[in-house]
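Dear colleague,

I am passing on the structure we spoke about, placed just below. My notes follow it.

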Amino acid sequence: MVRLAWRRLTAWVIDWLVILAWVAVTAAVGVPLYLAGVTADLGVVALNVVSAVVVVLPVVVGLARAEASRRQASVGKRARRLRVVDARTGTGVTFRQALARNALKVGLPWTIGHVAVIALVTDSADGTVAPAVWVVTALAYVIPLIYVISLIVGDGRTPYDRVAGTRVVADE
């Protein structure tokens, strides 16, 4: 179980290296827009929506497409010889399952992280931060921590795998 957990974590690191390339592209466009003041009139909600649509959504959909493909794996999973399968049948997952899996695995914590960062930046401008912002910030860390712990506790299925009806298996 620990060996599979380690492979899953290293696969995720590889995936994040790929994801960071997308983040670099969006930053290359977004940072100059921010510095030029183009986004200055956007409120907190609008900033969160833009970041979710431009950065997070393409990553979630891309990962889902990869896991629902013939290869049943993201780049990292392929590199670590892992596949995502239906937990009941052991066959490939549907796009819907893969989308639910990645929305919970990546989209939820990443979006919560964006909300926290944007709220911290906008709230701290006056020197104070609302308690709710600290709660959201804590959630941004606690959710991924729960995911990692679930890899090594019990049968190794994460909460997002349980909700999506999926399982990650080694391709030996």
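This is a predicted model: local features need pLDDT of at least 70, side-chain atom pairs count only at pLDDT 80 or more; totals for chains, interfaces and linings use all residues.

**Notes on single residues**

Val 136 is partly exposed, with a relative accessible area of 25%. This residue lies in helix 5, and helix 5 covers residues 131-152.

Two other pairs were looked at in the same way. Trp 22 belongs to helix 1 and is partly exposed, at 34% relative accessibility. Between the C-alpha atoms of Trp 22 and Pro 58, which are 36 residues apart along the chain, the separation is 8.9 Å. Gly 154 sits in the loop between helix 5 and helix 6, the latter being residues 159-164. With a relative accessibility of 64%, Gly 154 counts as exposed. From Gly 154 to Thr 128 the C-alpha separation is 41 Å, for 26 residues along the chain.

Backbone angles gave two entries. Gln 72 is not a glycine, yet has a positive phi of about 60°. Its place is the loop that joins helix 2 to helix 3 (75-79). Is Gln 72 buried or exposed? Gln 72 has a relative accessible area of 11%, which is under the 20% cut-off, so this residue is buried. Arg 81, also not a glycine, has a positive phi of about 55°. Arg 81 is found in the loop between helix 3 and strand 1, where strand 1 is residues 82-86. At 47% relative accessibility, Arg 81 is partly exposed.

**The chain as a whole**

The protein chain contains six helices and two strands. Read from the N terminus, the order of the elements is α-α-α-β-α-α-α-β. The C-alpha trace spans about 55 × 30 × 25 Å along its principal axes. The chain has 172 residues, and 34% of them count as buried.

**Helix 2 against helix 4**

Sorted by class, the contact of helix 2 with helix 4 holds 18 nonpolar residues, seven polar and three charged.

The largest pocket has a volume of about 890 Å³. Its lining is made of 25 residues, and those nearest the centre are Gly 30, Tyr 34, Leu 47, Ser 51 and Ile 118. Helix 1 (2-35), helix 2 and helix 4 are the elements that give two or more residues to this lining. Which element gives the largest share of it? That is helix 1, with eight residues. By class, the lining of the largest pocket has 17 nonpolar and eight polar residues, and no charged ones.

The second largest pocket holds about 440 Å³ of space. There are 24 lining residues here, with Trp 12, Trp 16, Lys 105, Pro 109 and Pro 144 nearest the centre. The elements that give two or more residues to the lining of the second largest pocket are helix 1, helix 4 and helix 5. Helix 4 gives the most, nine residues. The lining of the second largest pocket divides into 17 nonpolar, two polar and five charged residues.

Helix 5, which carries Val 136, contributes to the lining of the second largest pocket.

Regards

Methods. Residues are numbered from 1 along each chain as its sequence is written. Side-chain values use heavy atoms; hydrogens and water are left out. Ala, Val, Leu, Ile, Met, Phe, Trp, Tyr, Cys and Pro count as nonpolar, Asp, Glu, Lys and Arg as charged, and the others, Gly among them, as polar. On a 1 Å grid over the protein atoms alone, a cavity is a set of points where a 1.4 Å probe fits but cannot get out, and a pocket is an open set with protein on both sides within 12 Å along at least five of seven lines; lining residues have an atom within 4 Å of a point. Grid points are joined across faces, edges and corners, and a volume is the space filled by probe spheres set on the points. Helices (H or I, at least four residues) and strands (E, at least two) are DSSP runs, numbered from the N terminus. Buried means under 20% relative accessible area, exposed over 50%, partly exposed in between (1.4 Å probe, protein chains only).
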